[in-house]
Every structure is written in structure tokens, then in C-alpha cells.
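Hi everyone, thanks for coming. Let me put the structure up on the screen, and then we'll walk through a few parts of it together.

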There are 2 protein chains.
Amino acid sequence: MVYRDFVREKHEFDMVTVQLPDGSKQAHDSGVTALKVAEGISPRLASAAIAAEVDGKLKDITAALDDGEHNVRIITSRDAEALEVLRHTAAHVMAEAVLRLYGNRTQYTIGPALINDFQYGFYYDFDLPESVSISTDDLPKIEAEMAKIVGEKIPLERIELSPDDAKAEMKKIGQSYKIEMIGDLEKENSGLSFVSVYRQGNFIDMCRGPHLPDTGKLGKAFKLMSVAGAYWRGDENNKMLTRIYGVAFFDKKELAAHLERIEEAKKRDHRVLGRQLGLFLLDEKVGPGLPLWLPNGSIIRMELEGWLRGELLKRGYQPVHTPHIGKLDLWRTSGHYPYYEHGLFPTMNLAEGDGEDGYLLKPMNCPFHIRIYKSSQKSYRDLPVRLSEFGQVYRFEQSGELSGLTRVRGFTQDDAHIFCTPDQLEAEIESCVDLTKLCLATLGLNDYRVRIGLRDPDSTKYVGKSENWDRAENNIRHVVQKLGMNFTEEPGEAAFYGPKIDFVVKDCIGREWQLGTIQVDYNLPERFELEYTAADNTPHRPVMIHRAPLGSPERFIGILIEHFAGAFPLWLAPVQAAVLPVSEKFLAYAQGIHQALHEAGLRVELDDSPDKIGAKIRRATMQKIPYMAVVGGREEESNTVAVRHRTEGDLGAMSLEAFRDGLLAEKASRGSTPLQVNA
Amino acid sequence: MVYRDFVREKHEFDMVTVQLPDGSKQAHDSGVTALKVAEGISPRLASAAIAAEVDGKLKDITAALDDGEHNVRIITSRDAEALEVLRHTAAHVMAEAVLRLYGNRTQYTIGPALINDFQYGFYYDFDLPESVSISTDDLPKIEAEMAKIVGEKIPLERIELSPDDAKAEMKKIGQSYKIEMIGDLEKENSGLSFVSVYRQGNFIDMCRGPHLPDTGKLGKAFKLMSVAGAYWRGDENNKMLTRIYGVAFFDKKELAAHLERIEEAKKRDHRVLGRQLGLFLLDEKVGPGLPLWLPNGSIIRMELEGWLRGELLKRGYQPVHTPHIGKLDLWRTSGHYPYYEHGLFPTMNLAEGDGEDGYLLKPMNCPFHIRIYKSSQKSYRDLPVRLSEFGQVYRFEQSGELSGLTRVRGFTQDDAHIFCTPDQLEAEIESCVDLTKLCLATLGLNDYRVRIGLRDPDSTKYVGKSENWDRAENNIRHVVQKLGMNFTEEPGEAAFYGPKIDFVVKDCIGREWQLGTIQVDYNLPERFELEYTAADNTPHRPVMIHRAPLGSPERFIGILIEHFAGAFPLWLAPVQAAVLPVSEKFLAYAQGIHQALHEAGLRVELDDSPDKIGAKIRRATMQKIPYMAVVGGREEESNTVAVRHRTEGDLGAMSLEAFRDGLLAEKASRGSTPLQVNA
């Protein structure tokens with residue numbers, strides 16, 4: 001085989017000039033590596049070096065720098081880029097361990113590093129020999145083998161081969177998937193000159209790199225997490241492979257914190273809590289991704305919607321209700337059909353002769369609100385028109401992507417469309433930002449950042465004129481800057497009709513969720529030919545805002561379930577108080593308490609089972625009921641209740657009136673500070 | 001031609017015995033007519049006689065009774081059956097008038113009497129000669145010709161002809177539609193022995209009869225109402241005919257009252273008021289029969305739903321929310337598909353390989369509530385389970401049948417399903433009746449009757465065992481009898497899964513509407529295999545009630561709009577009060593009043609236009625706003641408002657607090673008694 005290193009071309013200067021991040025410059029001999037540069041700075045830096053950023057690209061720390069001038073930054077474990085390198089090497093080390101344990105007939109296919117996954121840090125997909133199967137029980141053995149490889153401190157060596165040589169090499173070691181992948185690379189890049197391969201001892205793998213300089217640098221802070229089946233190339237017509245997931249960090253503390261976060265997330269899993277607390281149901285007979293709200297979940301949803309409706313009325317929004325289907329032509333005008341057809345439920349086609357177009361299940365409420373705007377003449381005096389609806393929409397997500405309430409096919413939007421003059425636009429955006437912040441603050445979601453989604457200038461998926469996009473993007477930037485909000489700009493993340501502000505919220509265990517959205521749209525008003533009569537008596541075009549402060553009640557409540565671990569604040573709790581008689585003797589007194597609380601408008605349950613009081617308290621606590629009113633002889637005599645809080649425990653005795661008024665006050669405040677003792 | 005009269009068969013006795021409604025019997029000679037019988041009773045009865053009921057069937061008063069024994073009742077204008085006879089003859093008289101005026105080349109096709117139509121009493125469809133067209137302007141001329149025919153007192157003579165003779169007769173007078181109709185009759189009834197024909201002078205028409213004895217009896221209380229196009233046999237591929245609608249009564253007072261009712265209905269037309277008051281929108285671009293609720297209508301809907309939700313909570317109902325689509329198989333199990341396919345929107349068929357069944361837009365909420373019931377184990381202690389939802393359903397009604405909010409394709413049901421033990425069933429039905437009565441009483445719809453819909457024993461459209469049907473029908477009868485309610489039983493009017501109680505409500509102008517429904521169902525629990533564990537620890541099958549006290553908010557509100565003529569009681573009114581400053585000088589004071597009322601939770605509007613106070617009052621009155629607070633110098637000085645009510649007019653001055661508290665009290669009472677003056 002012909003190593004590319006051996007055929008290096010002639011350069012003008014056989015010298016390397018390195019510029020470091022602090023601006024200083026160094027001259028080096030030809031063939032110098034970043035590791036050498038680091039050694040020149042300090043032995044400590046050299047020992048911490050993971051990789052190097054050379055002219056903006058990540059490279060192996062041991063790679064020779066081309067002749068010429070380069071910006072070089074040494075990457076250590078403190079740099080954000082380092083984790084991906086670590087995890088990539090971890091995948092190779094795991095693959096070598098599997099080969100050592102299960103023999104050379106094991107084929108290894110694809111093994112990426114994961115950076116933004118909440119649970120996993122890397123995986124590798126294996127096609128195991130027929131006699132072999134790997135389960136969770138085998139993971140400690142593989143981990144032990146990995147630890148051995150780490151101990152061996154095997155160097156990772158980058159080699160660049162011609163595609164034919166790379167195929168020959170892979171054929172030699174019997175890795176047919178890799179040969180297929182090299183063929184694909186050739187198809188994608190005509191004139192592909194080389195394929196990079198990493199060798200660590202006897203193990204060789206195709207890989208773009210970079211990698212840690214040797215397996216010893218992987219250290220001990222890794223763990224294999226689970227085994228799953230995965231189709232080759234994700235296609236169910238292909239062979240099922242064995243995927244092993246793992247995670248890796250630079251130190252054991254980080255690993256421990258990660259594992260703890262995962263444990264915490266499992267306890268808070270809204271799919272599990274949803275079943276346990278009777279909040280919602282996913283039913284294969286109804287269809288995947290189509291949640292049915294059970295009574296307890298319905299109450300949370302109705303409370304949340306009811307509160308938001310009140311806020312909308314205060315802010316001059318007008319409620320509307322629109323159908324869940326509309327003629328196909330409406331979606332041709334909007335641009336959803338046929339462009340977004342892959343994400344839509346199939347059309348309902350009428351029999352010929354029905355004289356009507358087919359119908360589409362609505363993926364968005366906008367065209368309906370637009371038709372309402374258009375149904376009567378508007379003057380500048382009527383603007384802004386703010387039409388709001390909790391509108392349920394349907395999108396055909398792939399079934400593999402569905403999850404609980406957070407990835408569904410049928411969901412509500414706390415939607416509104418604001419039609420205003422261009423002059424009114426920025427004030428309206430600001431008021432939308434304000435409402436979104438109020439929603440998040442009310443639910444105690446105070447850790448969030450703002451992302452501005454811009455068009456991708458190279459894509460053709462957007463509708464409308466370039467100047468409309470410029471205007472809208474500037475409007476958004478202007479408002480966010482004026483409000484002094486932290487924001488990032490992300491090209492390619494706009495809606496197809498306009499740019500947007502997204503609120504990305506961190507929950508209490510550190511996961512990020514995209515929730516509220518505010519989108520500016522000069523384009524649909526054009527496509528639907530919307531107008532208003534301006535002060536000069538001529539027709540003008542309004543601009544639209546699409547916005548949803550919660551995003552979707554389904555998704556929002558799914559996240560709230562995890563955020564609160566099912567223990568909702570009083571105003572949202574499906575059952576706000578449980579009345580627990582210590583024995584049947586006090587049932588009549590308990591019924592009176594129950595009745596009085598029910599009549600005060602509280603959601604209250606009476607546990608009249610023959611169980612012991614301890615069991616009753618446990619059950620109510622499991623159901624995350626905020627308050628328990630325990631009643632026995634002492635309470636009946638003194639006309640009081642003994643109050644327990646689900647987390648604060650015993651709050652002492654208080655009169656029925658004090659208990660009732662305390663609950664009503666806490667409910668009205670929408671807070672989550674528990675009732676004060678008031679003996 | 002051979003008249004059937006001339007070939008009468010030989011009977012055993014050539015004698016007629018007549019039994020009258022009072023039980024008395026009379027012997028008559030063979031060939032006696034009911035008219036003769038009436039003459040024998042009194043000349044007045046004979047002169048008032050319209051037709052006769054012979055052995056339960058309506059006959060011409062002049063027809064000879066067959067030999068033998070007969071029950072005979074003389075029908076006069078006082079009998080309910082008389083109106084149909086009158087109107088049927090009116091249709092013939094109108095047809096003769098049209099032929100006299102527009103020539104014998106006019107073809108007359110079908111001309112039925114209408115009894116339950118709110119507007120019309122009869123019509124006739126004509127195929128006019130090419131040179132002729134008839135418009136509303138021509139109706140007085142036709143009415144005058146009809147009056148002439150009435151004056152001529154032409155006898156109507158029944159003749160029974162063999163089908164061939166009837167065709168020959170029709171051919172002679174050039175009536176080709178009639179020949180086609182005789183052909184159809186022959187196809188429908190093999191061995192058809194005769195066709196009855198009525199002759200009045202030169203006019204002859206095929207008709208089942210009976211008719212008035214002569215045209216004079218039609219009198220003067222008739223009126224032609226309108227002209228419309230109508231396809232022959234209602235098929236748009238056929239020729240368009242000219243339909244003339246008329247109405248006829250026995251006396252002029254009844255006619256006048258009818259015309260007044262129609263005028264009143266026009267003023268109350270919910271389609272017109274819906275547009276005028278900004279309540280709802282029907283938009284061809286969205287699709288026929290798919291109403292969009294505008295802000296004012298949405299408020300009415302939300303108030304009504306909010307009130308009903310509160311009543312449901314009090315009664316132990318639990319809210320749920322379910323999707324608008326479900327897998328097709330769910331509807332195969334329920335029996336909706338394919339049996340009711342013609343009334344459904346087309347299915348959404350997935351591409352092959354999606355590994356899922358197609359989806360159906362839901363025509364009913366039941367299968368979803370059933371799946372919720374089935375999602376957890378139930379014991380007899382958990383029953384009754386009452387799941388409620390304002391669920392929007394979709395049914396593909398023919399576009400020609402759609403009308404405003406009362407006949408639509410997309411509508412909400414104020415639905416609930418109660419799952420209970422057979423022992424609990426009657427108490428649950430009773431409580432459903434109670435809730436329905438509360439709904440009607442709250443909206444002032446106090447004139448209603450109850451109809452029990454039973455299965456049609458000859459039909460196969462019903463699911464389930466006969467003993468289930470017997471049980472359910474008996475349960476319903478038992479409750480209605482126990483409650484002492486007026487009811488009629490109507491075979492063939494059951495739902496496909498069980499019998500039902502329907503509330504048929506009369507609005508303030510006398511039209512009947514079917515609203516609330518309560519349906520008992522032993523069958524879907526079987527089809528979906530529902531169970532609960534009984535006290536003996538064995539599985540039992542629950543019984544279901546499907547019920548909707550309003551029926552559908554769309555339809556209900558459509559009717560309420562007409563019932564209230566758009567002037568909704570305060571609690572439902574989209575705008576509850578308008579603040580009207582008499583001039584710009586008092587705008588600041590008016591704003592303060594507006595703000596105070598808004599903060600008290602009232603829906604209030606401020607008219608800050610430069611218009612005169614008279615115009616402002618007119619506009620608020622037109623918008624049917626219950627209260628106006630007029631404010632000028634006197635009011636500002638004395639810190640009061642001058643209150644006007646939309647119908648009661650000036651109520652005098654009162655303090656802001658008195659006005660506000662009065663409105664809040666009226667709103668809370670859900671009544672429609674206007675505020676008392678409180679100077």
C-alpha cells in the first residue's frame with residue numbers, strides 16, 4: 001500500500017509558521033506536529049493535549065502540519081470540542097474490545113460520537129457472528145476489556161489510503177460493510193483522492209477523525225449503557241444489527257453526575273408518570289402519537305388553558321374556533337401543499353362528481369384565521385386584529401420519532417395570529433415576548449435562552465421576496481436587542497414563511513426544550529392577498545405574527561410533568577386535597593369537610609376505604625396530592641383538621657375555614673409555596 | 001277505457017254496515033258514500049266534510065264504501081288529517097291554473113302536500129314550454145286563476161285505470177313525465193292492478209288521493225309563495241323544472257298568522273343575524289358546512305360550554321379530550337365502518353408499507369371514551385364512570401342539505417358516556433333527563449316534548465341482540481313514565497346501537513327542533529368487550545349511556561340566535577355593555593367607566609367615534625348590546641351613568657357601582673330580566 005505521507009508534494013517553503021491564539025508566532029521545521037508545538041509551550045500542555053484546531057479545523061495532535069502559515073490552537077479537556085474527540089475514540093476502543101471478545105468475524109459498521117443526546121455519548125453498531133448475542137449482562141465484560149485497552153496506551157495512527165487500497169485493506173480483515181461505505185463515499189465525491197483510516201494496534205477503522213493520541217488518554221470515566229437492535233442504515237428492509245450505547249467523560253465526577261441525571265430523568269419520565277397519575281393515554285388502537293387525555297390530565301390542561309385565555313382577553317385577543325379540516329386548495333394557497341405533503345396526513349379525496357376539492361386535516365391554523373380576517377373589510381383603525389385559538393393540528397411524524405406527549409401526531413397549539421400595520425409590528429412582537437415570559441415565569445421555568453431562526457440563504461424551501469425576509473429578520477433582531485435578551489442566530493431554522501424567535505427552556509435536570517415561538521410573516525398576507533384601508537384611504541398589506549407562548553399544551557404539559565416530577569402546583573393539581581378519616585367512626589365528620597371544600601370550588605377527594613391511616617397517607621402522597629386533611633377524634637372534638645403537605649409533611653391542626661382559605665389563596669396565587677401553619 | 005267501478009266483484013253481502021267513532025252502528029245500502037253517511041248524521045257535518053277515514057285509511061268523502069262492515073270517521077277541517085287533503089287539492093288547482101294560463105304544452109310532474117314544513121304547504125314542479133318562464137311577479141295572476149277555479153266549484157272525481165289505460169290517457173294529453181311515473185309504479189309493484197287518477201273538469205292528474213270533493217271547498221285562504229328551480233327527480237343530470245311553492249289553510253286568520261310567522265322567522269334567520277352580529281362564518285374556500293366561529297360567536301359558545309362544564313363537575317362527570325381521528329379498525333369494531341360509510345368523510349389511506357391501518361375523521365366520540373374506560377381495570381366500586389367531552393365530530397352530509405349552523409358537516413357534541421351497572425342505569429337516565437331539562441330551562445326553551453326512538457323491527461340496520469334492545473327500551477319507557485313526562489314512541493328512530501330519548505323543542509315562533517338526546521346502549525359494551533369486576537369478584541358487562549343535553553352547541557346556538565332574535569341574555573351577550581360619551585369632552589370620564597366595568601370582568605365596549613349620541617345608541621341597539629351607559633356633563637358632575645336597555649329603553653341615572661353590581665348580579669343569575677332602576 002502507498003501511504004499518502006510518502007508522496008508529499010513539493011511546497012514553496014519547507015517551513016511551518018504557527019500563530020497561537022494569543023497572537024504570538026513561531027517558526028518550525030517542516031513536518032512539525034501540534035504536539036511538538038505544545039511541548040514547546042509547556043510539558044503540562046503537551047500532556048493535556050487532546051487534539052488541535054488548525055486553521056479552524058480539528059486535527060489529530062500528532063498530525064504533521066503542512067508547510068506554510070497556520071493558526072493553531074491546542075485543544076485540552078477544558079475545551080468544548082474535546083468531548084467529541086474523547087467519545088469518538090471511546091467508540092473505537094469499544095469496537096476493539098468487542099472484536100477481542102467475540103472474534104474477528106464480528107463486523108463493525110458505524111460508530112459516531114453523540115454530543116447533544118441527553119442519555120448517550122457514543123454507540124457502535126455491530127453485525128455479530130451468528131452464534132453470538134450481546135445483552136446488557138455482557139456490558140461489564142466489555143467495559144473490562146476496554147479498561148485493558150486503555151491500560152495498554154495503544155497509539156491511534158492516522159493513515160490516508162486511496163479508495164482502492166482502503167477497500168483492499170478492509171477486504172483483508174473481512175469488513176464488508178466498510179467496503180460498501182467506501183463505495184458510497186466514491187459515489188458522493190467523484191475524484192475522491194483518499195480515505196482516512198485509524199489504526200490502534202491490531203484494530204483498524206475507517207474514520208474522519210480526529211482521535212485521542214493514544215487509548216490511555218480515554219481514562220476511566222466511561223460506561224456502557226444499553227444494547228438495542230438497529231437496522232443497517234435505519235432501513236427496516238436491511239439486517240438488524242446490535243447497537244451498544246455508552247457514555248464517556250474526562251473525569252469520574254462528571255460521569256457520576258450524568259448517571260444521576262439519568263436516574264432522576266427516569267423517575268420523572270412523563271410517560272411513566274402519565275400512566276401512574278392517570279394523566280393521558282397512548283393507545284395503539286386509536287393510533288400512535290394521538291394522545292387521549294384522561295380526567296386528571298384534562299383538568300391540568302383546562303386549568304392551563306383557562307388561565308391563558310384570561311391573559312389573552314386582558315391583552316385584547318379575540319377568541320375564534322375553526323374546523324380541523326379544510327379544502328385542499330386552501331393549503332395550496334398557503335404553500336403547505338404539496339410542499340410539506342410528507343409531513344401531512346393523507347388527503348381525504350372525494351368521489352368524482354362531488355364537485356368539491358379534497359380535504360386536508362389541518363397541520364396549522366393560519367389559513368383559517370386568515371380567512372376570518374378576510375371575511376370583512378378592515379381599516380387601519382381596526383388593527384391590530386389578534387385572533388386566538390387553542391387549535392388542534394395534525395402532522396404525520398414518522399412513528400419511530402414519536403414519544404409520549406413531547407413528539408406526537410395530534411397536538412393543540414395555543415395559537416394566535418396578529419394582523420397589524422408594519423408600524424405596529426415591533427410593539428406587537430414585544431408584547432408577544434412579554435406574554436411568553438409571563439407563561440414561563442408562572443410555571444417556574446426561569447432558565448431559558450432565545451434563538452432567532454433565520455432563513456438559510458442557500459435553500460429554496462422558503463416562500464416570498466428577499467426584501468420581506470430582510471425586513472422581518474431586522475424587526476426581530478431589533479426587538480430582541482431592545483429588550484436586552486441573550487440570543488443566538490441560527491440560519492436555516494426559520495419557518496417557511498418567515499423568521500422566528502424560539503424560546504429554548506432548560507428543565508430542572510438540565511435538558512433543553514424548544515417551547516414558545518413568535519414568527520414574523522410578510523409572505524402569507526401576500527399569498528392570501530390581505531388588505532386594510534390605510535389613513536390615506538388606499539389599500540395596504542398587513543403583516544402577520546404567528547405565535548404560541550406555550551408552543552403546544554401537549555408538549556408543554558409533558559415537560560411540566562417531568563419538571564414537577566408529577567407534583568403539580570396547587571392550581572394545576574388534578575386533586576388539590578384528600579380528606580382522610582383515621583377510621584370509619586369519623587367518616588361523617590370527614591364527609592362534612594369534603595363537602596365544604598368541594599363547595600368552595602376545590603378539587604377534593606374523600607378516602608372512605610377501610611385502610612389504615614398510614615396507607616391512606618401513602619396513597620395520597622403517591623398520587624402527589626398537595627394537601628391531606630387527616631381527621632380523627634381530636635379533630636372532630638376541636639372542629640379542626642390535621643393538615644399534611646405532600647413534601648413538607650405535618651403542618652399541624654387548623655380550622656376548616658383556615659385550611660379552606662389557605663388553599664383558595666394558594667390556588668389564586670398560582671404559586672407553589674405551601675400553606676403556612678396557622679394553629 | 002274500462003273503469004274499475006264497472007267491473008266490481010261480487011261480495012257475500014250486498015250491504016254496508018258503518019260503525020261510527022261513538023260506537024254506534026248503521027246499516028246502509030250497497031254503494032253508500034261517507035258523504036251520505038254524514039248527511040244522515042247532520043247536514044252541517046255533510047257540508048263540513050272534507051274526507052273520511054275508513055278502517056284507518058283516508059278516503060274521498062264521495063267514494064262508495066265496499067260492502068261489509070267498516071269503521072268510518074268523517075274528517076272535517078278540525079281534524080289534523082284535513083290540512084293535507086286541502087293542500088293536496090290546492091296543488092291540483094294550482095296546476096290547472098298554470099295549464100289554463102300557459103297552455104297545454106306545460107308538463108306537470110310532481111306536486112305533493114307539505115305538512116311539517118315551516119314555510120310551505122304544497123308545491124308543483126312544471127316543465128314549461130320553451131317560450132314561457134314564471135317568476136314571483138306572475139304569482140298573483142296564477143292566484144287569481146286559482147280563485148276562479150275555486151269559484152267554479154268543479155267536482156274532483158276519482159277514477160281507477162289499468163296502468164296501460166292510464167298511460168294511454170296521459171299520452172293523449174301529452175304528459176310524458178306521468179307516463180314515466182306509471183312505468184316506475186309498475187316496476188315497483190309487479191302485478192299493479194290499477195292507477196288512480198283525479199279529474200277536475202278538463203284537468204286530469206295521477207294521484208293517490210284523497211281530495212276535497214270539489215274545488216270550491218279550497219276557499220280563499222291560500223297563497224303562492226315563491227318560484228324555484230328543481231331538477232327532475234332531484235338529480236342534477238336531469239332537466240331543471242320550475243317549482244311553485246304555496247301554502248293553504250282552512251281560514252284566512254290561520255293564513256295571516258302563518259305569513260306573520262314567516263316574516264318573523266326571516267328577521268330571526270340565524271344565517272343573516274350570524275353575519276350581522278359577527279357570530280360565525282361559512283366560507284366556500286374552507287368547505288361547505290364547516291362553520292368558523294367569529295369572536296362574538298366564540299364568546300357565546302365559550303360561555304355556554306363553561307357553564308355546562310361547571311354543571312357536569314357538580315354531577316360527577318370527568319372531563320376527557322380525545323383526538324379527531326382514529327384508526328379505521330376502531331370504527332369497524334364500533335360498526336360505523338363500513339355500514340355508515342356514506343355519511344363519513346373519506347378515509348385517510350396510508351401508503352403501503354407504513355404498517356398502519358388508514359385513519360378516519362371521527363363521526364362520534366364513543367370509541368375513544370370506550371378505549372379510555374378500557375385502559376384500566378374497573379370494579380363495581382368505580383362505577384358509574386361518566387366521561388365528558390366537548391368533542392368535535394365530522395359527518396359528510398350532502399351539500400344540498402347544509403344550512404347555517406343547524407345542518408353542518410363539522411360540529412361539536414356536548415357529549416358524555418356513562419358506564420354503569422344495569423342496576424344503576426335507570427337512576428343515571430333520570431339524572432340525564434334532569435340535566436337536559438336544566439339546560440332547556442336555563443335558556444328559556446320551556447316548550448318541548450319527548451320522543452322515544454325505538455328500533456324498527458323490520459330493519460337490519462341495528463346491531464346487537466334482541467333481548468338487549470328489549471331491556472333498553474323498557475328501561476327508557478320506565479324512567480319516562482316514572483317522571484310523568486309526555487312522550488310519543490317512534491319505531492325506526494333509534495340509534496344503530498340502542499333506543500333513545502329525544503327532546504323536541506319548540507322555539508318562540510313555533511318551529512320544532514330536535515335537541516338533547518339520551519341513548520341507552522347494551523351493544524357497544526359487547527362489541528368492545530367492556531368489563532367490570534362485580535361484588536362477587538366475577539367479570540360483568542357494564543351498560544352505556546350516550547347523551548348530549550344540548551345536542552350540539554352549533555345547532556343549539558343556531559336555534560338560540562333565532563329564539564332570542566340575536567338579543568342574547570346578558571350572561572351570553574358577546575358585548576354586555578357599551579359606554580357612550582355624548583361628546584368628546586366626556587371621553588376621559590367614559591374611559592374611566594369602561595375601565596371599571598372591564599376590571600369587574602364585564603365585556604364592555606367604548607364608542608369613541610365622533611358620531612352623535614343618537615347614532616351611537618342606534619348602533620349599540622342594532623348590535624343587540626343589552627345595556628348602554630350614556631355619559632355627559634350631568635353624569636360626570638354627579639358621578640353617575642344614564643342607563644339604557646336595548647328593549648326597555650331609558651332606565652334613568654345610577655351610580656357606577658349600582659350599574660356594575662346590577663350587571664354582575666344579572667350575569668350571575670343567567671336570567672334575562674333587565675336591571676331594575678336604582679336612582
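Some housekeeping before we go on. This is a predicted model, where local features need pLDDT of at least 70 and side-chain atom pairs count only at pLDDT 80 or more, while totals for chains, interfaces and linings use all residues. Residues are numbered from 1 along each chain as its sequence is written, chains are lettered from A and ligands numbered from 1 in the order in which they are written, and side-chain values use heavy atoms, with hydrogens and water left out.

Over all chains, a search of the whole structure gives 96 salt bridges. One of them joins A:Asp184 to A:Arg233, with N and O 2.5 Å apart. This pair links distant parts of the chain, 49 residues apart: A:Asp184 sits in helix α6 of chain A, and A:Arg233 in the loop between β11 and β12. Helices (H or I, at least four residues) and strands (E, at least two) are DSSP runs, numbered from the N terminus. A:Arg233 is partly exposed, at 45% relative accessible area; buried means under 20%, exposed over 50%, and partly exposed in between, with a 1.4 Å probe and protein chains only.

Now please look at helix α7 of chain B, residues 252-268. Here B:Lys266 bridges to B:Glu263, the closest N and O atoms being 3.4 Å apart. These two are three residues apart in the helix, so about one helical turn separates them. In that helix we also find B:Glu264 and B:Lys267, again three residues apart, whose salt bridge has an N to O distance of 3.6 Å. B:Glu264 is partly exposed at 24%, whereas B:Lys267 counts as exposed at 58%.

Last stop, a sheet in chain A. Five strands form an open sheet with mixed pairing, in the order β28-β27-β29-β30-β31; strands pair if DSSP finds at least two bridges between them. β28 and β31 stand at the edges with a single partner each, so one side of each has no neighbour in the sheet. Strand β27 of chain A runs parallel to β28(A), joined by three bridges, and A:Ala578 has A:Glu605 in β28(A) as its bridge partner.

Thanks, and I'm happy to take questions!

Definitions and conventions. Salt bridge = Lys/Arg side-chain N within 4 Å of Asp/Glu carboxyl O.
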